[in-house]
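Let's take a walk through this model, going from charged pairs to a pocket and then to a pair of packed helices. Have the structure open as you read.

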Amino acid sequence: MSPEHRIHLSKAARPAYDALDAFARTVGRLAADAGIGERLKELALIHSSQLNGCAYCVRVHVDRAVRVGVTADEIAQLATWRDSGVFDERERAALELGEAYVHISDEGVSDELYDHVGGVFSEEEYVALSWLFVSINAFNRITIAGRYPVPPLPKRDA
């Protein structure tokens, strides 16, 4: 079946999609209220979307990350964050937690990771990050299943 003939859940069951969108907005406010900055949030959401293979959400969150000052180098380093020196302790902990949420069926959030992340983030921050990961994983699944298109961006004049 071609992407043009796929059912887009966001269009086919708009009330459910609107509820998910409202959920995501609530989660965003929860994260902001907990002190999760936009930079940390967008880095975590990009990385989760990369791991899930969701090109659509990667583009959305890269655009948002750039608007809050994340550099192209930092975005490129996400794939190798464990070996990169560009991320601070909080960002590294969030990226690792995000990986656990993407691969939740492997071992969930291990006790070791839970303890590590709990030593970096407050309980309120941990809760907010966890809800961010639940939200992005839901959106990733909708856009991947629907094969949402990600056409090339227009070329900018040099």
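Here a salt bridge means a side-chain nitrogen of Lys or Arg within 4 Å of a carboxyl oxygen of Asp or Glu. Keep in mind that this is a predicted model. Counted by that rule, there are seven salt bridges. One to look at joins Arg-25 and Asp-21, with their closest N and O atoms 3.0 Å apart. Why do these two line up along helix 2? Arg-25 and Asp-21 are four residues apart in that helix, so about one helical turn separates them.

Asp-21 turns up again at the largest pocket, where Asp-21, Ala-24, His-61, Arg-64 and Phe-139 are the lining residues nearest the centre. The pocket has a volume of about 500 Å³, and 20 residues line it. Helix 2 (14-34), helix 3 (38-52), helix 4 (55-67) and helix 9 (123-145) each give two or more residues to that lining. Sort the lining by class and you get 12 nonpolar, four polar and four charged residues.

On the helix 6 side, the contact is made by Glu-89, Arg-90, Ala-93, Glu-96, Leu-97 and Ala-100; helix 8 brings Leu-113, His-116, Val-117 and Val-120. By class, this contact has six nonpolar residues, one polar and three charged.

Definitions and conventions. Residues numbered from 1 in each chain as written. Predicted model: local features only at pLDDT ≥ 70, side-chain atom pairs only at ≥ 80, totals over all residues. Heavy atoms only, no water. Contact = heavy atoms within 4.5 Å. Nonpolar A, V, L, I, M, F, W, Y, C, P; charged D, E, K, R; others polar. 1 Å grid on protein atoms, 1.4 Å probe; cavity = no way out; pocket = protein on both sides within 12 Å on 5 of 7 lines; lining within 4 Å. Points joined across faces, edges and corners; volume = space filled by probe spheres on them.
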